[in-house]
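Please inspect the sequence and the model before reading each solution.

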Amino acid sequence: MAFLDIKNLCVDIRIDKVWVNICSNLNISINEGEVCGMIGSSGSGKSIIAKALTGMYGPNMRVHTDSFRFNDIELNNMPSLMRRKVIGENIAIILQEARSSLDPSLPIITQMKRALPRKAFDSPWYKSLFWRKKTVNNLLHRVGIKDVNKVIHSYPYELSEVLCQKIIIAMALGRKPKLLIADDPISSMTSISQLQILRLIASFNKNSKVTVLYMTNDLAPSLKFMDKIYMLYCGQIVETSTSKELVARPKHPYTESMLNAIPDYNKNLRHKCKLKVLEGDPPEFTNIPIGCRLGSRCPYADKECNVMPGITKYKHGSYRCHFPLNIKDEEIQGK
Ligand code: SF4
């Protein structure tokens with residue numbers, strides 16, 4: 001049984017008093033200790049899925065799952081308070097804009113001390129004051145912050161976005177989560193900073209044995225850190241595969257286009273040459289086409305694509321396409 005196993009996740013959000021479906025029939029399965037990627041362009045529904053998984057949503061969002069198993073516990077059958085407790089104690093989330101996730105009115109040390117769970121310390125309360133300060137220092141050292149004394153007495157606006165993201169990761173570390181959901185933590189960073197954060201999350205996974213669901217729109221820098229990848233297009237998982245298989249033999253045209261868009265720096269790139277990206281924009285959630293959601297942008301589209309493709313499984317994963325690439329009939333399960 002997978003560590004996180006979600007069957008048929010459906011999410012709707014209310015826009016101008018009308019419920020709009022963002023995703024339906026999403027199946028997510030992550031084994032313990034894996035780093036799993038969810039890759040999709042901006043607006044494909046990643047952040048909404050992250051909120052749905054952590055229960056961070058208000059009355060304008062509704063979530064349904066047929067099954068939501070986490071660490072062998074079925075959360076669907078739990079009273080909401082208990083479910084929130086299980087999620088709060090075991091799942092941590094890192095959001096896109098780190099600085100705005102921190103309280104602007106408090107110095108870092110106060111915020112970090114408050115974020116440490118009481119259960120992590122089992123001696124009398126008066127000893128916990130010293131313990132909290134020591135733990136905050138250790139955590140900041142672990143995420144590679146050198147000038148800890150200066151940083152802990154700073155306010156978020158005085159720190160760079162990368163430092164703020166490292167602090168958020170340190171806070172998450174302090175909670176000792178079993179699952180970390182990272183919602184595009186490297187967007188709007190330079191490529192060197194992106195790599196720093198990715199390495200940090202990878203070491204977090206390796207040393208603290210934390211399972212990671214890493215959401216991003218940038219396939220290239222994250223590929224080598226991931227065991228398995230979900231490709232998300234317009235609220236639908238269009239391909240699931242191991243990262244090796246995905247790079248070597250993408251099955252879905254959207255995956256192929258994302259791989260083609262990665263610049264090959266070994267070749268002589270022409271000055272101002274264009275990235276190979278799909279023409280057009282993804283459809284709006286309020287105006288989803290009847291057939292395949294990639295249809296109007298897909299170079300392989302044909303009349304069969306007016307019917308929504310189902311999920312086809314094969315040895316390394318699954319895909320949703322009538323005309324998959326790089327696969328032989330005998331590899332398809334059930335053929
Ligand atoms: S089903 Fe058709 S339109 Fe959709 S990705 Fe496959 S080939 Fe393209």
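**Exercise 1: a core residue and its surroundings**

Task: identify the residues that Ala170 touches, leaving aside those up to four places away in sequence.

Solution. Ala170 touches Met112, Leu139, Leu140, Arg142 and Val143, where contact requires C-beta atoms, placed from the backbone, within 7 Å. The model is predicted: local features need pLDDT of at least 70, side-chain atom pairs count only at pLDDT 80 or more, and totals for chains, interfaces and linings use all residues. Residues are numbered from 1 along each chain as its sequence is written.

Ala170 is listed with Leu180, Ile181, Val212, Leu213, Tyr214 and Met231 as having the most contacts inside the largest nonpolar core, which has 78 residues. Such a core is a set of buried Ala, Val, Leu, Ile, Met, Phe, Trp, Tyr and Cys residues joined through C-beta atoms within 7 Å. A residue is buried if 20 or more other C-beta atoms, placed from the backbone, lie within 10 Å of its own.

Then ask which element contributes most: helix α7 (residues 161-174) gives 9 residues, the most of any to this core. Helices are DSSP runs of H or I with at least four residues, and strands are E runs of at least two, numbered from the N terminus.

Finally, the core lies between domain 1 (4-226) and domain 2 (250-335), because both give residues to it. These bounds come from an automatic or database domain assignment.

**Exercise 2: the two domains**

Task: describe how domain 1 and domain 2 are placed and where they touch.

Solution. The C-alpha centres of domain 1 and domain 2 lie 29 Å apart. In the contact between them, 9 residues of domain 1 meet 5 residues of domain 2. On the domain 1 side, β2 (18-30) and α9 (219-222) each supply at least two residues. By class, that side has 6 nonpolar, 3 polar and no charged residues. Here Ala, Val, Leu, Ile, Met, Phe, Trp, Tyr, Cys and Pro count as nonpolar, Asp, Glu, Lys and Arg as charged, and the others, Gly among them, as polar.

**Exercise 3: the ligand shell**

Task: list the residues around the ligand and sort them by class.

Solution. A residue is included if its C-beta atom, placed from the backbone, lies within 6 Å of the molecule. The shell consists of Pro253, Cys292, Leu294, Gly295, Cys298, Tyr300, Ala301, Cys305, Pro309, Cys321, His322 and Phe323. Sorting gives 10 nonpolar, 2 polar and no charged residues.

Technical notes:
Buried ≥ 20, exposed ≤ 12 C-beta atoms within 10 Å, placed from the backbone.
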